[in-house]
There are 2 protein chains.
Amino acid sequence: MKKLTILMCLLLAMFANTTKAQQNLFGGQDIESAVVNDDNSVTFRFLAPDAKSVSVAGDFADVAEDNPVGGVVGTGLIPMTKGADGVWTLTTKPLDSELYMYLFEVDGVATTDPNNPYVYRDFAIVSNIFIVGNGQADLYKVNDVPHGSLTHCWYDSPGLGMDRRINIYTPAGYETSGKKYPVLYLLHGFGGDEDEWVNFGRATQILDNLIAQGKAEPMIVVMTNGHTAMEAAPGESSMGFYKPSREKDRADVPNAFVDNFKDVISFVESNYRIVPDKAHRAIAGLSMGGGHSANISRTYENTFDYVGIFSSAASGDEEFDASLKKQFDNGLELYWIGIGREDYLVLENNKKFREKLDSMGLDYTYMETDWGHVWKCWRLYLSEFTPLLFK
Amino acid sequence: MKKLTILMCLLLAMFANTTKAQQNLFGGQDIESAVVNDDNSVTFRFLAPDAKSVSVAGDFADVAEDNPVGGVVGTGLIPMTKGADGVWTLTTKPLDSELYMYLFEVDGVATTDPNNPYVYRDFAIVSNIFIVGNGQADLYKVNDVPHGSLTHCWYDSPGLGMDRRINIYTPAGYETSGKKYPVLYLLHGFGGDEDEWVNFGRATQILDNLIAQGKAEPMIVVMTNGHTAMEAAPGESSMGFYKPSREKDRADVPNAFVDNFKDVISFVESNYRIVPDKAHRAIAGLSMGGGHSANISRTYENTFDYVGIFSSAASGDEEFDASLKKQFDNGLELYWIGIGREDYLVLENNKKFREKLDSMGLDYTYMETDWGHVWKCWRLYLSEFTPLLFK
């Protein structure tokens with residue numbers, strides 16, 4: 001091994017301790033990827049002189065090419081082209097404004113993009129991300145506006161018998177305003193944890209931007225962990241850096257999250273300056289978190305004036321119907337339901353849920369969009385839902 | 001789609017189109033890696049049936065094998081062995097208790113471990129991490145102890161003309177105790193940013209654990225960005241998800257960070273319950289941040305009773321010497337210097353700095369350890385330094 005390849009520079013930069021290696025920290029691969037071009041097309045680059053095939057796989061792949069690789073297996077993989085310099089490249093068609101995720105497939109092996117240090121974990125999987133702006137996703141960017149704070153802290157749940165990790169967004173000015181604020185409880189889906197809305201959900205950026213634009217009221221956003229088997233997101237608990245698994249992380253006691261949500265409310269209301277009444281509380285969630293929101297809001301009577309059900313549904317026995325009716329009889333400001341037309345996971349149950357609400361004469365606001373059971377929907381729904389709150 | 005497995009739920013959440021290819025690419029691997037075994041050896045696994053060679057590269061590699069790959073370039077790469085199932089494996093010798101980082105090299109291409117979702121970004125590079133416990137690194141783990149809070153917020157720097165991101169650790173109980181606390185300002189190195197001590201530094205875990213053990217006083221820890229060209233860590237500012245580069249991120253105005261550190265102090269002291277006197281302020285940093293600590297503490301007179309210089313040095317003209325002498329004449333509780341014997345980047349300057357202190361008759365505490373200019377030192381130094389503060 002005589003020649004110092006770019007790869008080795010990269011590795012040395014990470015692990016060795018010489019001046020040269022430190023300098024390589026700033027060199028490494030002289031490649032930029034993923035680059036969002038002026039026309040909203042995106043260029044991917046990957047150095048692999050000896051690879052036989054390199055493709056990019058991402059949640060834009062079905063719309064990024066006029067002729068995507070066909071068939072069941074090929075969908076979502078776009079072949080890249082190798083240049084004389086050993087760099088594989090691909091430039092997509094212009095993409096919709098959105099936050100996208102991707103990986104490379106190199107000779108059949110999935111890998112992150114070494115030239116893109118921005119990665120998010122979703123359950124057990126890490127992927128690269130990028131944002132295409134000039135549209136909806138400008139809300140997902142950090143912009144030059146007043147920034148709120150995001151606090152990772154722990155609340156005591158006597159009901160669940162453990163301290164649990166929780167993320168709290170406070171709007172810009174909270175620390176010094178002396179004011180009291182309304183609260184949105186924002187819940188994640190089955191594959192997620194308390195970090196999901198922070199990472200893929202871009203909740204901090206969406207709130208910063210909507211508040212700065214005067215579209216949303218300054219509010220506190222509380223993101224907790226809906227899996228009662230977990231004290232915190234993987235890697236953030238005393239379980240250490242284990243591989244997330246259904247067995248370890250999803251062994252939830254039925255209804256335990258809903259039943260013990262009072263511990264969350266109690267923590268928030270005793271540690272933050274909030275207005276502790278129904279008119280200043282909202283609860284919303286995606287998928288499983290939408291079910292949680294429906295069930296918490298109907299069983300905690302006169303607690304929430306605003307409810308958001310994103311790509312979800314709820315159902316139950318006669319007691320369910322009775323409590324739902326009572327929730328609406330007690331009065332509430334907004335019961336908001338959003339779902340994608342291609343959400344084959346939830347669409348049918350969501351339709352049944354809406355039919356139930358219709359048949360019971362219960363008013364709700366409904367938003368139907370393109371797409372399936374994906375973050376694209378949930379970021380949009382959050383940015384549509386929050387401007388309706390606390391007005 | 002008849003049966004909806006958990007995996008498919010996950011894939012649905014990640015990508016709109018569920019396909020067999022994506023299952024294989026994004027989640028189908030029933031493999032655990034890296035696994036820390038009972039004897040502190042570590043087993044790596046990587047599925048790549050068609051690969052010609054797979055190695056693991058990590059900061060443990062030089063001590064993990066009796067016969068590591070030799071030479072300057074080769075150090076740090078350990079070949080893995082392919083099994084009949086297409087899974088490449090390697091089990092190391094028992095490793096010292098530490099937080100380690102690694103990547104795989106697959107046919108000459110560096111890749112993250114798809115079965116380890118725990119990754120940290122260091123400047124422009126992402127790598128996997130794992131912790132070997134049963135020793136020093138138990139301090140780096142999240143343990144079942146009372147947890148402090150970590151807040152990502154923004155402070156106004158009139159001097160630098162921008163809002164800047166800052167990370168604040170408050171100890172367990174801060175929210176409800178009503179007490180005032182001492183403050184440690186903890187500064188990063190040249191390649192870092194305000195997130196560095198949170199990620200590789202494990203400052204939150206070290207403080208939680210030392211405080212729980214009664215070894216360190218409950219304190220607030222302030223981690224800010226020492227590069228005045230940046231408003232925040234890459235990806236956290238209005239520059240978006242750009243590729244970090246020396247040109248963009250390190251175009252600092254000389255002395256601007258030191259000169260405007262008063263904005264940081266002012267923010268902290270007006271937003272947190274602190275004791276605003278010298279006896280309750282400490283400042284420490286690694287490498288560049290150690291230089292910052294030396295210079296801030298000598299130029300902000302009677303502000304800090306505790307100073308920590310990790311793998312660093314400071315020097316200057318006669319004004320430097322005079323202010324250093326004055327700092328010690330004014331009195332301070334602790335001037336702590338730590339460095340690794342193999343730190344070829346700083347060792348010589350550090351020696352000169354200590355000789356200067358010696359020749360001027362200025363007392364300091366000195367810790368010399370193994371290793372070079374690496375995180376292994378800095379986590380250890382933080383865990384040695386903090387128990388000495390505010391006693």
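1. Let's start with the largest cavity, which holds about 1400 Å³ of space. Keep in mind as you look that this is a predicted model. The search of the whole structure found seven cavities of 30 Å³ or more.

2. Which residues lie nearest the centre of the largest cavity? They are A:H152, A:N199, A:E236, B:H152 and B:N199, out of a lining of 50 residues. By class, that lining has 23 nonpolar, 15 polar and twelve charged residues.

3. From chain A they are strand 9 (119-122), strand 11 (149-157) and helix 6 (203-212). From chain B they are strand 9 (119-122), strand 10 (125-132), strand 11 (149-157) and helix 6 (203-212). Strand 11 of chain B gives the most, with four residues.

4. The second largest cavity has a volume of about 100 Å³. Its lining has 13 residues, and those nearest the centre are A:T112, A:P114, B:L103, B:T112 and B:V126. Two elements give two or more residues to this lining: strand 8 (109-111) and strand 10 of chain B. Sorted by class, the lining has seven nonpolar, five polar and one charged residues.

5. Next, a sheet to trace in chain A. Four strands form an open sheet in the order 1-2-6-5, with antiparallel pairing. Its edge strands are strand 1 (35-36) and strand 5 (81-82), each of which pairs on one side only. Strand 1 is joined to strand 2 (residues 42-47) by two bridges, and A:V35 has A:T43 in strand 2 as its bridge partner.

6. Most peptide bonds are trans. The bond joining A:S33 and A:A34, however, is cis, with omega about -10 degrees. A:A34 sits in the loop between helix 2 (19-24) and strand 1 of chain A. In chain B, the bond from B:S33 to B:A34 is also cis, with omega near -10 degrees, and B:A34 is in the loop between helix 2 (20-26) and strand 1 (35-36) of that chain.

7. Finally, check two asparagines. Most residues other than glycine have a negative phi. A:N40, in the loop between strand 1 and strand 2 of chain A, has a positive phi of about 70 degrees. A:N255 also has a positive phi of about 70 degrees and lies in the loop between helix 7 (246-249) and helix 8 (256-259) of chain A. Is each one buried or exposed? A:N40 counts as buried because its relative accessible area is 11%, under the 20% cut-off. A:N255 counts as exposed because its value is 55%, over the 50% cut-off.

Definitions and conventions:
Residues are numbered from 1 along each chain as its sequence is written. Chains are lettered from A and ligands numbered from 1 in the order in which they are written. This is a predicted model: local features need pLDDT of at least 70, side-chain atom pairs count only at pLDDT 80 or more; totals for chains, interfaces and linings use all residues. Side-chain values use heavy atoms; hydrogens and water are left out. Two strands pair if DSSP finds at least two bridges between them. Buried means under 20% relative accessible area, exposed over 50%, partly exposed in between (1.4 Å probe, protein chains only). On a 1 Å grid over the protein atoms alone, a cavity is a set of points where a 1.4 Å probe fits but cannot get out, and a pocket is an open set with protein on both sides within 12 Å along at least five of seven lines; lining residues have an atom within 4 Å of a point. Grid points are joined across faces, edges and corners, and a volume is the space filled by probe spheres set on the points. Ala, Val, Leu, Ile, Met, Phe, Trp, Tyr, Cys and Pro count as nonpolar, Asp, Glu, Lys and Arg as charged, and the others, Gly among them, as polar.
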